[in-house]
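Take a look at the sequence and the model, then read on.

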Amino acid sequence: MSRERANKRFYRVDSAHDFSTFMDKGQRAACQNRWTFEIAWEVANKVGGIYTVIRSKAYVSTEEMGDQYILLGPYKEHHARTEVEEADFPPNSALHLAVCRMRERGYQLHTGTWLVDGNPQLVLFDIGSAAWKLDEYKQELWQKANVGIPHLDVEANDSVILGYQVAEFIAEFRNAAEELSKGQKPQIVAHFHEWQAGVGLIALRTRLVDVATVFTTHATLLGRYLCAGNTDFYNNLSTFSVDEEAGKRQIYHRYCMERAASHLCHTFTTVSEITGYEAEHLLKRKADIITPNGLNVIKFSALHEFQNLHALAKDKIHEFVRGHFYGHYDFDLDKTLYFFTAGRYEYTNKGADIFIEALARLNHYLKTSRQDVTVVAFLIFPARTNNFNVESLRGHAVTKSLRDAINEIQSKMSKRIYEICLSGRMPDNEDLMTKEDKIKIKRCLYALQRNGLPPVTTHNVIDDWNDPVLGAVRRCNMFNTIHDRVKVVFHPEFLSSTNPLFGLDYEEFVRGCHLGVFPSYYEPWGYTPAECTVMGIPSITTNLSGFGCFMQEHIADPMSYGIYIVDRRYIGLEDSVKQLAHYMFDFCRLNRRQRIIQRNRTERLSDLLDWRNLGIFYRQARHKALQKVYKDVESFEEEYEVRRNSFSFPRPLSEPPSPSASRHTTPASSVHGSDEEDEVDDEKEEEKESSFDIKHKSPTQKKVAAIPVAKYGGRHTVTILPGGGIGPELMGYVKEVFRFGGVPVDFETVQIDPNSDSNADLEYAITSIKRNGVALKGNIETGSLDTTVISRNVGLRNELDLFVNVLNCKSYPGIQGRHKDIDIIIIRQNTEGEYAMLEHESVSGVVESMKIVTVDNSERVSRFAFEYAKKAGRKKVTTIHKANIMKLSDGLFLETSRRIAKEYPEIEHNDMIIDNCCMQLVSNPHQFDVMIMTNLYGTIVSNVVCGLVGGAGLLSGKNYGGHYAIFEPGTRNTGTAIAGKNIANPIAMLNASVDMLEHLGHFVHADILQKAIDKTVNEDCIHTPAQFVVACNANLALFKIQPTVTACYFDAG
């Protein structure tokens, strides 16, 4: 592999913002006399997630600002003893002077460095040393901000003391820095996290200290309380009476502190879009900037070893499973997948409720589909327990006893065999195992017998009958029986390497699992799926978590990278559970190679979450605050602007086309049979357009609507109308191909009863297509003789205004016919003519049927035909008519097409009578290029040409309107006579699905499927319907074994 190509392969996103240009260890900041203070309750004080944020960000912060960056927080001795190395600041520095002046006032300050990556400087304030001023601080807070603090709220009181200490220190530092600056005014920005630090911001602003301020909320205080109460949170955000709700929960004073800080700061940020939405309604201020949380990826980095680390950690989990399920160990560990969820024990907020429900459905899917996969699902939530479950400990004891016995027997056996072979004879069966060895093994096997089922939990949970996880497990009958393909293990404490059951710390456990499942309802960010990602473990998240929103925004197709995003915002709970269960089921169906490739893809996203990239959002927030306070701050808007396009991970090259703007960050796929890279030009792929992207010249015509909005993280939802006859079995082929090919399309199936005397089914189908924009359709019979029941097919076309049908009639080289190389485009008007369904019996025995032809629709279809011919490089358009007899109706259609033809002088136009046309098609079809005709003639001509190229089962038809599109087999035959006999040719329906994929913009998938179809027909020369079915199944196998086709779902990693 050339160096240039190798560089391309391993090029990551770490230069998307080129944040490294700012990492000068504070030289630029020192020259500008610019200082940054970051204040949080969790500085060197591990309480929750903010500790992880500040700790992991410390390295890039010090690399960027060096000694100009200082952390401020409370002094907690039990943490500081192990995490802080105390030391004084250099004498005669502004920091030293400020600390000395604070100490002179009686405050106790601890200074030094934090023992984390980057070793940032910090100042920790002893809360108790300023407690004597609490009343004074609270009085000032009331007088200047109208915020009152109850005397008994210790946490709020401590926050007030810390806030005013911080404000005094920053004010003293500013004065000292100005004294030492020799005329250069210091530029100071103070960044506060959460309400506990927010009092310091309020004090700085009310005391008019000349400092720029930034306030970040990681999750609103009121939001946490509302979600804890099982409130329908997101649907009622705009209707909450925030003051009343905060008062009910006795947190009104804390809420006021948080809201005041968010309104007084110069720049307000949140960690995610979803938290910004929450803050806009609860705090009544929109976020100025989103500052997503990152990770210090170097900590998790294993380069190319992460696959080996996964295998090693998985072996340790295997040992736990062998012991936990002894006596019921009837499944193959090589075919066992480990799913897990973990976090604070917030049953509904963390999504444990729908996870357990979805596991029950997954269990049903695996049993009914007869999959040989077993899933062990771990739920790791800390709960109150009385120690380990005796059964769990016993299981590990008996398996250890068996392992030790076998190791001892093996050692003795090898020695005996060695001695016997030295004596010159071949060992027999009796020489291998002695009677004592057999007795020892039988004793171990007897100990492995078990009367009860394997326990669901590893501990004795206190008040287990009221435990929500165990209650849900009982309700769903997830009891780990031998018939269950999904086993559940509830581990009610955080993992550590001293754990006697696992012997793994959390990070190692995550590496050994196959899938992390975090279907959270309230998750402002979500570090657990982020940690999975940087360790190369696929995960399931939701669009209500900050992580899920971030991935949905910055990755073109998250599922291709192993990030499954469950919709918990726009669909109902039942649909969310179904979606989660289907995601897990689809994951279970991946083979081992596909899982390895997916882990490779997932790990590639790690740089996307690295603080070296995300740190620029914090820099942008600080810069915006500085510009509001210090007018002489130079403008670097263009330099600091976060361009979302350049920060977007595209689809892999083996997936549908990626945004060309993000080309340079594409992790390229592997070429078939080598380690080289595919030379796929995303910009050229981007230039490919839908076959129906026709621009009308006349402003009076309807404009073509955009492709419907993708749902569920870049996926399209398409309506399926199986129809009658062979339609359902043909749709089954399409679904199977799409599922295995990883096509980002979901199907909404709508059945229409052909014999119903009601139009309700038809109306529901129309509603579904209007919702999704696109449909794939088999032919639908209308069996009812009731004249009020309209034709299902015609009704769809008329109601959706699908005014044009396009049929590309092209010969297959592998099919022998009377004529070769036929290539004709048939374009028919789709909603008028004899299909207007206007019939009546004028007198008894006399029926009149009206043929409708209008100028507007004739012009629409004519203009479409000429635009289509122009775009496709066609040279001639032929209008088919019967104007010699139907002088008014067909005459109007012919006249309109001739008028439109004059606007396209580069395209030849002629016309032909329908009966002559049929004869000419049979005798000399090559004279035709593009044909345009009314509705009934289109039906006739389409069937004639389909017969010429090989029959009804080959060609597909496309129906287009101003807003919707339906794709179907070209001849619209139901095939009722051959239904259920497994002889129906699926090629026409597969071709229709190819047309649909091209319309949706999934050109890569469409191209792969088209090549598979062409190979079957042309290279294998399949001719009979029965063979077509066999060939279709062979093509499905081809999808599984061909590297180039496998790359459709996962590249070779």
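Which residues does Thr399 touch, not counting residues up to four places away in sequence? The contacts are Arg322, Gly323, Tyr326 and Leu448. Keep in mind that this is a predicted model.

**Around Thr399**

- Thr399 sits in helix H16, which covers residues 390–422.
- With a relative accessible area of 14%, Thr399 is under the 20% cut-off, so it counts as buried.
- Cys444 is 45 residues away from Thr399 along the chain, yet the C-alpha atoms of the two are separated by 8.4 Å.

**The open sheet**

- Six strands make up an open sheet with parallel pairing, and their order is S14-S11-S10-S15-S16-S17.
- The edges belong to strand S14 (486–491) and strand S17 (563–566); each has a single partner strand, so one side of each has no neighbour in the sheet.
- On average, neighbouring strands of this sheet are turned by 25° against each other, direction ignored.
- Strand S10 (residues 336–342) pairs with strand S15 (residues 515–517) in the parallel sense, over two bridges.
- If you want to spot that pairing, look for Phe339, which stands opposite Leu515 in S15.

**Helices on the sheet**

- Helix H14 (residues 306–324) packs on the sheet, where it touches S10, strand S11 (374–380) and S14.
- The direction of H14 makes about 95° with that of S10.
- Helix H15 (residues 352–368) lies across S10, S11, S14 and S15, and it runs at about 170° to S11.

**Cavities**

- Rolling a probe the size of a water molecule over the atoms is a way to show where empty space is left.
- Here the count comes to 13 cavities of 30 Å³ or more.
- The largest cavity holds about 180 Å³ of space.
- It is lined by 15 residues, and the closest to its centre are Ala29, Arg34, Glu64, Met65 and Arg619.
- Helix H2 (27–31), strand S1 (34–39), helix H3 (49–65) and helix H25 (611–629) each supply at least two residues of the lining of the largest cavity.
- H25 gives the most to that lining, with four residues.
- By type, the lining of the largest cavity divides into six nonpolar, three polar and six charged residues.

Conventions
Residues numbered from 1 in each chain as written. Predicted model: local features only at pLDDT ≥ 70, side-chain atom pairs only at ≥ 80, totals over all residues. Heavy atoms only, no water. Pairing = 2+ DSSP bridges. Axes fitted to C-alpha atoms, helices over the stretch in contact; angles between N-to-C directions. Contact = heavy atoms within 4.5 Å. 1 Å grid on protein atoms, 1.4 Å probe; cavity = no way out; pocket = protein on both sides within 12 Å on 5 of 7 lines; lining within 4 Å. Points joined across faces, edges and corners; volume = space filled by probe spheres on them. Nonpolar A, V, L, I, M, F, W, Y, C, P; charged D, E, K, R; others polar. Buried < 20%, exposed > 50% of the residue type's maximum accessible area, 1.4 Å probe, protein only.
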